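Trainee: Could you help me learn to read how helices pack and how a ligand is held?

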Amino acid sequence: MRYDFDTPVNRRGSASIKWDYGKRFTGLENLLPLWVADMDFPACTEVIEALKRRSEHGVFGYTLEPESYYRSVIDWMLRRHGWAIRRGWMVSAPGVVPSLNLALLAYSQPGDGVVIQPPVYYPFKESIKNNDRRVVENPLRLDGERYTMDLVQLEEAIDRRTRVLVLCSPHNPVSRVWSPQELEGLVEICARRKIIILSDEIHHDLIMPGHHHTPTASLSQEAATVTVTLTSATKTFNLAGVGCSLVIASDKQLRERYHTTQKRICTGIANAFSALAAETAYRQGESWLEQVIEYIQGNYEFLTAFLGERLPAARVIPLEGTYLAWVDLRALGFSDEQLKERVLRRARVWLDDGPIFGSGGRGFQRINLACPRSTLKQALEAVVRVLG
Ligand SMILES: Cc1ncc(COP(=O)(O)O)c(C=O)c1O
């Protein structure tokens, strides 16, 4: 079947973080939101039907992820990513950010160093600081329009108390899909310096045409022994409000250290809807996903053409993965406060400000492309009016 991503769905009044809490988060109302990473599209029909059937059953007692759920993940990883995982490698978790925090507790002590590569998804830094670990920055390099990991600088940044590196693969917000060669270089350093890689691959299915995602742990035996993968069906299939995620580690010791930490906060019980939604999506949602990727690629092309014509000083970083466009507005000459004043307060368009992603974010804005093209157009019209 052909999905309709063009018709806007009114999300106001659904307790949506993106649409309903402008006042709470920014002090402003009536904003057009293209910030937080969820999609404005309905989930695939099969998921909606499965959740309807489950809710009509009416009894919502204690629930556990069934074996069929894990099987669907194994099949998906093999089919979509060429990664042969086993049931015993997986630990079910309540979300990627919660499991990132737990993994930091499992693999490091207060005061230990944890590497991040900014500009990067801001909860990475928050998780490190909230758990009294030390943020070690290895900023990405921007050469022309392409971001790369600086492995020479990484070697220098690591010290005796650096225990963990949090990798964002694909990388939010710069949208890079790391190549096997780049990942191999990273793994070689981390293995030699005894650093555990927490590979956040939540965006792994949102890969634009011409690019290919490589799960870090699938690279080699060496990679598998230093990597713990954090993943979920929620980003792929727009199920963030339903929840659930997975921690995958083939190394028994790494897995048990994580599991022991998670057990301390007793997150063993699932909710009645999450695994059902994820399994249904993995088994029946592939066509929806293909169509969503095509639509997002179309929105990215629309964005580059629109800005090319109406705001040529803006530079859109090529979108390799995720549905988050990273736009360089530095050539316009505004300070970050001026950008915010114009975009948020005057144009009433709610984007994510570059500086929240840390070093290298100044002068950038992140735009969520997972919305109907008409919404994107409305937002861009308003933005170019205040920036042009
Ligand atoms: C890189 C990355 N990790 C994790 C998350 C959120 O994961 P969860 O909702 O499972 O906590 C996001 C959401 O935007 C993300 O971009």
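Mentor: Angles between helices run from 0 to 180 degrees between N-to-C directions, and axes are lines fitted to C-alpha atoms. Keep in mind that this is a predicted model. Here, α13 (residues 286–310) and α15 (residues 373–387) pack at about 20 degrees, and their axes are 11 Å apart.

Trainee: How is α13 oriented relative to α15, parallel or antiparallel?

Mentor: Angles under 35 degrees count as roughly parallel. Therefore α13 is roughly parallel to α15. Their crossing is right-handed.

Trainee: Which residues make the contact between α13 and α15?

Mentor: From α13, they include Tyr295, Phe302 and Phe306, and from α15, Leu376, Leu380 and Val384 are among them. Sorted by class, this contact has 8 nonpolar, 2 polar and 4 charged residues.

Trainee: What is the angle between α5 and α11?

Mentor: Helix α5 (residues 96–107) packs against α11 (residues 252–264) at about 110 degrees, with axes 9 Å apart. That angle is why α5 counts as roughly perpendicular to α11. In this contact, residues of α5 including Leu102 and Tyr107 meet residues of α11 including Leu254 and Tyr258. The classes here are 7 nonpolar, 3 polar and 2 charged residues.

Trainee: And the ligand: which residues surround it?

Mentor: Among them are Tyr121, Cys168, His203 and Lys235. Next, look at pairs of N or O atoms. A backbone N or O atom of Val96 lies 2.7 Å from a ligand oxygen atom, and a polar side-chain atom of Asn172 lies 2.8 Å from an oxygen atom of the ligand. For Asp200, a side-chain N or O atom is 2.5 Å from a nitrogen atom of the ligand.

Key:
Residues numbered from 1 in each chain as written. Predicted model: local features only at pLDDT ≥ 70, side-chain atom pairs only at ≥ 80, totals over all residues. Heavy atoms only, no water. Helix = DSSP H or I, 4+ residues; strand = E, 2+ residues; numbered from the N terminus. Parallel < 35°, antiparallel > 145°, perpendicular 65-115°, else oblique. Left-handed = near helix turned anticlockwise from the far one by under 90°. Contact = heavy atoms within 4.5 Å. Nonpolar A, V, L, I, M, F, W, Y, C, P; charged D, E, K, R; others polar. Near = heavy atom within 4 Å. Polar contact = N/O pair within 3.5 Å; in protein donor to acceptor, adjacent residues only side chain to side chain.
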